[in-house]
Amino acid sequence: MELKSEVLETIEAKGVDRREFIKLATVVTSVLGFAPSMIPKVAEAMAVKQRPTVIWLHFAECTGCSEAFIRTTYPWIDQIVLDVLNVAYHETIMAPSGHNAEKSLNDAMKKYKGKYILVCEGGVPTKNNGVYGKVAGHTMLSTAKKATASALATICVGQCACFGGVQAASPNPTEAKSVSAATGTKTVNIAGCPPNPVNMVATVVHFLLLGKLPALDENGRPLFAYGATIHDKCPRRAHYENEEFVKKFGDAGAFKGYCLFEMGCKGPNTFNNCSTVKFNDGTNWPIGAGAPCIGCSEPNFWDTQSPFYEPI
Ligand code: SF4
């Protein structure tokens, strides 16, 4: 494949392995549903386009989405942070702490006002004016409202930011909500618990290449990643059609890779591309490892998809 000399020089200067870079560009192109002929364009967008500035905020959550993002080997974090995005503020990976961290946030919001992409991780407690979730004396609710109001676009990463998450599960004592519901802002929702980092990178690349965010479904999820159910593309689907089911964990059907529907699999209800993209450098995914899908990219899945180990 021919890459522009400008692209090659850029990745070489950054010490990025050419083969690995092309591998990532190929995966992102495929996730976006583009033809293979677009791989050089995607590579160009990742290497030489002006990087969008990102402010990444944490609200009520477990930081599992950032952990998934940071610990993934593919795409590797330094490439995402240094080559695709200009991350101006991210509490988990930045150097400043305490008052300096506060200053960094305020400086970044001022400097990039109206131009930054806000990435949110976590739900927002709203009861009693948001008093149940505070950082540095500010409620998460007030910070979310302020940060979304000055952002170019808001991308929610993970179930909590997209739909409220576990803290919004019944009885939801803090009245936690999604960022969209708490602030009245339209958001792009990279759903999942955790979501696949490739879908996040693909969303940014879409923005870089086409100058706009991708088409979304009714729940704000990019259609390129959430346009089909897991059941639609599941490698165990033939067993489902043949009514060959695992009846008990560890039984003969489990060893034969039979369908997990009777073990509670929510794949038929769940829109996501896990079965084709997989996790950890494409190594595996829950159903591949013999665990039924729990529907973690669906709205309010803690309430709507449970009990997790009983058939739909
Ligand atoms: S394992 Fe789940 S997603 Fe796969 S075919 Fe069975 S029910 Fe569908």
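User: Why is Gly33 called exposed?

Analyst: In this predicted model, Gly33 has a relative accessibility of 61%. Exposed means over 50% relative accessible area, buried under 20% and partly exposed in between, with a 1.4 Å probe and protein chains only. Gly33 therefore counts as exposed. Gly33 is found in the loop between helix H2 (18–31) and helix H3 (39–48); helices are DSSP runs of H or I with at least four residues, strands are runs of E with at least two, and both are numbered from the N terminus. Gly33 and Leu223 are 190 residues apart in sequence and 9.9 Å apart in space, C-alpha to C-alpha.

User: What conventions apply to the numbering and the values?

Analyst: Residues are numbered from 1 along each chain as its sequence is written, and side-chain values use heavy atoms, with hydrogens and water left out. As the model is predicted, local features need pLDDT of at least 70 and side-chain atom pairs count only at pLDDT 80 or more, whereas totals for chains, interfaces and linings use all residues.

User: Why does Thr229 count as buried?

Analyst: Thr229 has 9% relative accessibility and therefore counts as buried. Thr229 lies in the loop between helix H12 (223–226) and helix H13 (237–241). From C-alpha to C-alpha, Thr229 and Gly267 are 6.6 Å apart, with a separation of 38 residues in sequence.

User: How do you know that Asn199 makes a polar contact with Asn273?

Analyst: A polar contact is a pair of N or O atoms within 3.5 Å; within protein, one must be able to donate a hydrogen and the other to accept it, and residues adjacent in sequence count only if both atoms are side-chain atoms. The side chains of Asn199 and Asn273 make such a contact at 2.9 Å. Asn199 is found in helix H11 (residues 197–210) and is buried, with a relative accessible area of 0%. Likewise, the side chain of His90 makes a polar contact with that of Ser66, at 3.1 Å. His90 lies in strand S2 (residues 86–90) and is buried, at 2% relative accessible area.

User: How do you know that the buried residues of H8 line one face?

Analyst: In helix H8 (residues 140–149), the buried residues are Met140, Leu141, Thr143, Ala144, Ala147 and Thr148. Seen down the axis of H8, they fall within an arc of 165 degrees, so they line one face of the helix. The arc is that of the directions from the helix axis to the C-beta atoms.

User: What arc do the buried residues of H1 cover?

Analyst: Val7, Thr10 and Ile11 are buried in helix H1 (residues 5–13). These residues cover an arc of only 90 degrees around the axis, which puts them on the same side of H1. Glu9, Glu12 and Ala13, on the other side of H1, are exposed. An α-helix has 3.6 residues a turn, so residues three or four places apart point the same way.

User: What makes the phi of Ala136 worth noting?

Analyst: Most residues other than glycine have a negative phi, and most peptide bonds are trans. Ala136 has a positive phi, near 55 degrees, without being glycine. At 51% relative accessibility, Ala136 counts as exposed. Glu243 also has a positive phi, near 55 degrees, and is exposed at 64% relative accessible area. Regarding the peptide bonds, a cis bond joins Ser170 and Pro171, with omega about 10 degrees. Another cis bond joins Cys193 and Pro194, with omega about 0 degrees.

User: Which residues come nearest to the ligand?

Analyst: Of the 13 residues around the ligand, His231, Cys234, Cys259, Leu260 and Cys265 come nearest; a residue is near if one of its heavy atoms lies within 4 Å.
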